[in-house]
Amino acid sequence: MPENATEVTAAGIARLAGVGRAAVSNWRRRHADFPQPVGGTAASPSFALAEVERWLRDQGKLAEVPLRERVWQEVAGHPAGAAQALVHTGCALLLVRDRPTAWLELTAASDERMADALPHAVDHVLTARLGPDARSDAPGPGPTAPGSPAPGSTAPGPTAPGSTAPGPAAVHPANPSVAPGVHRARAVRTPTAQDLLPSVPLLRAAAQLAAEIGAGQTFEFLLGRHLDANPRQFTLTPPHLAELMADLAEPPKGADRPAPDRPLRSVLDPAAGTGALLRAVAGPAALYAQEVDAGLAGLTALRLALGADGTHGSPPSLAVRTGDTLRADAFGRLATDTVLCHPPFNDRNWGHDELAYDPRWEYGFPARVESELAWVQHALARLRDGGTAVLLMPPAAASRRSGRRIRADLLRRGALRAVIALPAGAAPPYGIPLHLWVLRRPTPGDRPGPDLLLADTAGLAAPAGEAGGKATGGGRDRLDWPAVRAAVLDAWRDRSDIPGVSRVVPVVELLDDDVDLAPARYLPRPTPGGDACGLGEVRERLAETLRLTARLTPPPATPAVPAHRPRTTVGELARAGALSLHTGNAAPGGPGPVLTEHDVLTGADPSGTPLTDPSGTPLTDAAGTPLTGPAGTPLTAPDAPGAAPDDPVVLEPGDVVVPVLGGGTVVRVVGEREAGAALGRNLQLLRPDPAALDPWFLAGFLRGTTNNRQASSYASTAARLDARRLHLPRMPLAEQRRYGERFRELAAFEEALRTAGRLGGVLVQGMYDGLTDGTVTPA
């Protein structure tokens, strides 16, 4: 094998061939000529990509490696690491897009000659987009040169030749007093020919992919795969949240806006991460970013410079710097129109001791545990008068006593304009309902704002208990982003009171001993069922359900002598072809519904579909939103052409579902409401032949307590059911249907009781809340 050849893992082989990882394991066991591992570990070996590709073709399992997958495997298996491979790829993609003729001339040469010529060409495009490659240890710049901004000026520098926009190299004003630790060099250094030589095959392949989907989309795809492959290394800002923060940064009605003669709006992200917030900025803007991680800063600079063709264009002005923003601010003399920031949370090492006399602490010196309030004041210090900042904050920052004096001063001077509580799942950590703080730098001479907007959108995500399903990912899969976005923007732009969602609170009401700005404190959740009229509707639905329950109550049981009927097992029926057995493997996390174990145990609809009462009326939460579970995974029918061996099992009417764990007597017959959902994990599915077995007869006898105890294993703390050992009597189909009809009636009665319990709980809590808050009278 050639030295530094690209390697691929078993998961990568599965993606190349369009199969599951189990299929790759089977190939390794069954085929002696399968390529041997060349690296990795015993638990996670890696293989030579070229050898794997050749073997797949020889076996007829692969006609051609998809170009996207080939490029990604080249990145993932790069000898210098995926991050360095992405930097090389981004540099080449900039060259492909900005100087296509030069790129074609370079690719006509051999790999060695191409690597020798690339650094000069790459440096040219990097300089044009990101500025000159000045060394971080170079002496500080001297007096301001003619044509550049005066000290303290916020105007961009001279324009580049042939351009009406400010030249990228002149966006950042000269700063003669850069603090130690700041890198004045651009975030992406020009790679050497020696560094680039192993990457040449990757760069050629990436250019081919760029010809198909665009340079920006190519880099976005590769970076996205890199981030997905290393989820614990990065704290990401989800795209929907980034777009919402960028929209909030637009000044509200009546606020000062940038002067019309300013050529570009300027936006700063002092904790840029992967650049998600700056990518969400609409329209042309001068973008500034600083990131403490040098490797991530380079990737972010390339991501922003490339944009995403057709979605986010390249910014006309871009400056990305590396360094710790609080300790070594690279933009110390910058005054921008907007600051967007997702700062690190709970950072005790933010520079408390060495920054005690920093001029940015205009509203008070933050305590060591209040790193988020240090970022708030840094954002305000980098705004022009009247500029807007939007920061993602942990909820504790709104109520910790150690920060009450700073919060009070932010209110008194009108700097804090809104605190918006998001539903849990909006951003990591997904289990916590984070806040958005919207701030505005006060304009000298203006009167401070007399009020603060408080908004709470937590009600737009159904609680797990009401949804009938377990929350996955801290609730992020149940988030209705269009509803959250509309509610937040309406409240911010109109600054109006919306019951249960937003309230404009006078500042004087907030300036107490705690200065607690948590929206939930001032916006109690709406009464379940709504007002008195809503509670009346709930009562009517409950009464109707109770009448239905009375009609469905089983008749008195008729005693009978136990009959000794010939019996069989599910395993025997499966071998005879009367039914088939399937095991669930789907997990929530995609756009389709999944019937989970929790759904079966609680009688809820498949996660991701509305809950309804027996009459078909959707059950809703207090805000009138249909109750649903978390979204599931994409569905593929088991017999669909090209389906992978581990595709989810899709439910069909008449299927019988039994939980694997628990040792209970819960069985579910699939109807029209569940059909099309995927079978979740820890569930077994029995698909009877309708010419041989009635599904309700099958389900009814499977629910017998004795039957379940005999078919369960008790070798561990949790009983495990083996559906093949379940017994049922041998009966003609007509007799099966007579039993099945009675079992169906019992299931309908059980569902009516469950619905009555839900509605009764809503009515009782709504009455308690209405009586205590005065919206309902005791008469």
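**Close-up views: helices, cores and a sheet**

**View 1. Helices α5 and α10 are roughly antiparallel to each other.** Roughly antiparallel is an angle over 145 degrees; under 35 counts as roughly parallel, 65 to 115 as roughly perpendicular, and the rest as oblique. The model is predicted: local features need pLDDT of at least 70, side-chain atom pairs count only at pLDDT 80 or more, and totals for chains, interfaces and linings use all residues. Residues are numbered from 1 along each chain as its sequence is written, and side-chain values use heavy atoms, with hydrogens and water left out. α5 packs with α10 (residues 215–229) at about 170°, their axes 9 Å apart. Axes are lines fitted to C-alpha atoms, for helices over the stretch in contact; angles run from 0 to 180 degrees between N-to-C directions. Helices (H or I, at least four residues) and strands (E, at least two) are DSSP runs, numbered from the N terminus. Contact means heavy atoms within 4.5 Å. Among the contact residues are L86, G90 and R97 of α5 and F219, L222 and H226 of α10. By class, the contact has eight nonpolar, four polar and one charged. Nonpolar covers Ala, Val, Leu, Ile, Met, Phe, Trp, Tyr, Cys and Pro; charged covers Asp, Glu, Lys and Arg; the others, Gly among them, are polar.

**View 2. Helix α7 (residues 111–130) crosses α9 at roughly 80°.** Their axes come within 10 Å. That angle makes α7 roughly perpendicular to α9. D111, M114, A115 and L118 of α7 meet V200, P201, L203 and R204 of α9. Six of these contact residues are nonpolar, none polar and two charged.

**View 3. W103 sits in the largest nonpolar core, which has 90 residues.** Such a core is a set of buried Ala, Val, Leu, Ile, Met, Phe, Trp, Tyr and Cys residues joined through side-chain atoms within 4.5 Å. Buried means under 20% relative accessible area, exposed over 50%, partly exposed in between (1.4 Å probe, protein chains only). W103, L118, L248, L392 and L436 touch the most other members. Helix α5 (residues 82–98) gives the largest share, ten residues. Beyond four places in sequence, W103 contacts residues including A92, L95, M114 and L118.

**View 4. Four strands form an open antiparallel sheet, ordered β14-β19-β16-β17.** β14 (579–583) and β17 (668–669) are the edges; each has a single partner strand, so one side of each lacks a neighbour in the sheet. Pairing requires at least two DSSP bridges between strands. β16 (residues 656–659) and β17 pair over two bridges. V656 stands opposite V669 in β17.
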